Amino acid sequence: MYNEISIDRVKKIVSDSFENLGIEGISVFLHSERVAEYSKALTAECVKKYKELVDKIDPERVYLSGILHDIGKKVFPIELLNGKSKLNDEDIEKIKTHPLEGYNLLKKAEEKYNIKLWQDICDAVLFHHENYDGTGYPEGKKNGEIPLIARILRVADFYDASFTRIKTNGGIKQNEENCPCVKTKEYCIEQLKERKGTFFDPNIADIFIEIIKKPVEIISEKINENNLIYKTNSF
Ligand SMILES: [Fe+2]
Ligand SMILES: [Fe+2]
């Protein structure tokens, strides 16, 4: 018999374990929290638009998938996460193993704590870097072969990586001129549009673009609070 585990409990375990890695770990956790918020909001809109999804997808489970999606990065040395040094091909290939590392960590946690995590969440973690056209990883799945939660995470994750990640200098926000990693919302929306049908499920990307065009507060105050963070590598 398995024990039930609450979303809050999982979130606390993930947050503590990333905090132990220092500022780079905290950055990954804050990114995960924002991806979770974006994904939950996106799921709610998808369900409103496609009523047949009501019984198929739960926004709370999508939220938890967002919290866990990059958990596999915990196994890497800090230098791979902090975005300070230029990565070589070998480093990039290593980082690309994080979905599988994450899936394996979740399966080990189930055994260790005698809990049963939902399989759809484990699969979302494993497939969150699959592209709609089959060019993603780890398996090169495409279109509807990619689980719905993973298709939702793909859009939210890309957006957060390209928009919210703002490099700071001692906590002072830098402007676009001296920090090229700062992007405008319009620029990021264009990036999303360009990748519809290649990276992203076009229907999901369209719904997300409508959400994100509105003031960001409708999604979460937290997204604003966490705006100032250190840049991390985003593979
Ligand atoms: Fe990832
Ligand atoms: Fe991510």
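The legends below describe close-up views of a predicted model.

**View 1. Overall fold of the predicted model.**
The protein holds eleven helices and two strands. Reading from the N terminus, the order of elements is α-α-α-α-α-α-α-α-β-β-α-α-α. The protein has 235 residues, and 35% of them count as buried.

**View 2. The largest nonpolar core.**
In soluble globular proteins, nonpolar side chains tend to be buried together. Here the largest nonpolar core has 46 residues. Which of its members touch the most others? They are Leu42, Val125, Val155, Tyr159, Ile204 and Phe208. Eight elements are listed as giving two or more residues to this core: α1 (7–19), α2 (23–49), α3 (59–68), α4 (78–81), α6 (98–113), α7 (119–126), α8 (148–164) and α10 (202–213).

**View 3. Surroundings of Leu42.**
Leu42 is one of the core residues that touch the most other members. Residues up to four places away in sequence are left out of this view's contact list. With those set aside, Leu42 touches Ile152, Val155, Ala156, Ile204, Ile207, Phe208 and Ile211. Among these partners, Val155, Ile204 and Phe208 also belong to the group with the most contacts in the core.

**View 4. Helix α1 against helix α2.**
Two packed helices are described by the angle between their axes and the distance between the axes. For α1 and α2 the angle is about 150 degrees, and the axes lie 7 Å apart. The two helices are therefore roughly antiparallel, α1 to α2. On the α1 side, Val14, Ser15, Phe18 and Glu19 make the contact. On the α2 side, the contact residues are Gly25, Ile26, Val28 and Phe29. By class, the residues of the α1 and α2 contact are five nonpolar, two polar and one charged.

**View 5. Helix α2 crossing helix α10.**
Here α2 and α10 cross at roughly 115 degrees, and their axes come within 10 Å. The angle therefore makes α2 and α10 roughly perpendicular to each other. Their crossing is right-handed. From α2, the contact takes in Ala41, Leu42, Glu45, Cys46 and Lys49. From α10 come Ile204, Ile207, Phe208 and Ile211. The contact of α2 with α10 counts seven nonpolar residues, two charged ones and no polar ones.

Is α3 mostly covered or mostly open? Helix α3 is mostly covered, with seven of its ten residues buried. The buried ones are Val62, Tyr63, Leu64, Ser65, Gly66, Ile67 and Leu68. Helix α3 packs with α7 at an angle of about 40 degrees, and the two axes are 9 Å apart. That angle makes α3 oblique to α7. The crossing of α3 past α7 is right-handed. Arg61, Leu64, Ser65 and Leu68 of α3 meet Asp120, Ile121, Ala124 and Val125 of α7. The α3 and α7 contact residues are five nonpolar, one polar and two charged.

**View 6. Arg151, a buried arginine.**
Arg151 sits in helix α8. Buried or exposed? Arg151 is buried, because 24 other C-beta atoms lie within 10 Å, where the cut-off for burial is 20 or more. Not counting residues up to four places away in sequence, Arg151 touches Ile146, Asp201 and Ile204. Pro202 is 51 residues from Arg151 in sequence. In space, the C-alpha atoms of Arg151 and Pro202 are 9.9 Å apart.

**View 7. Backbone features of the loop between α7 and α8.**
Most residues other than glycine have a negative phi, and most peptide bonds are trans. This loop has an exception to each. Pro138 lies in the loop between α7 and α8. The peptide bond from Tyr137 to Pro138 is cis, and its omega is near 10 degrees. Asn143 is also placed in the loop between α7 and α8. Asn143 is not a glycine, yet its phi is positive, about 45 degrees. Asn143 is exposed, with 12 other C-beta atoms within 10 Å.

Conventions. Residues are numbered from 1 along each chain as its sequence is written. Chains are lettered from A and ligands numbered from 1 in the order in which they are written. This is a predicted model: local features need pLDDT of at least 70, side-chain atom pairs count only at pLDDT 80 or more; totals for chains, interfaces and linings use all residues. Helices (H or I, at least four residues) and strands (E, at least two) are DSSP runs, numbered from the N terminus. A nonpolar core is a set of buried Ala, Val, Leu, Ile, Met, Phe, Trp, Tyr and Cys residues joined through C-beta atoms within 7 Å. Two residues are in contact if their C-beta atoms, placed from the backbone, lie within 7 Å. Axes are lines fitted to C-alpha atoms, for helices over the stretch in contact, and angles run from 0 to 180 degrees between N-to-C directions. Angles under 35 degrees count as roughly parallel, over 145 as roughly antiparallel, 65 to 115 as roughly perpendicular and the rest as oblique. A crossing is left-handed if the near helix is turned anticlockwise from the far one by less than a right angle, and right-handed if clockwise. Ala, Val, Leu, Ile, Met, Phe, Trp, Tyr, Cys and Pro count as nonpolar, Asp, Glu, Lys and Arg as charged, and the others, Gly among them, as polar.
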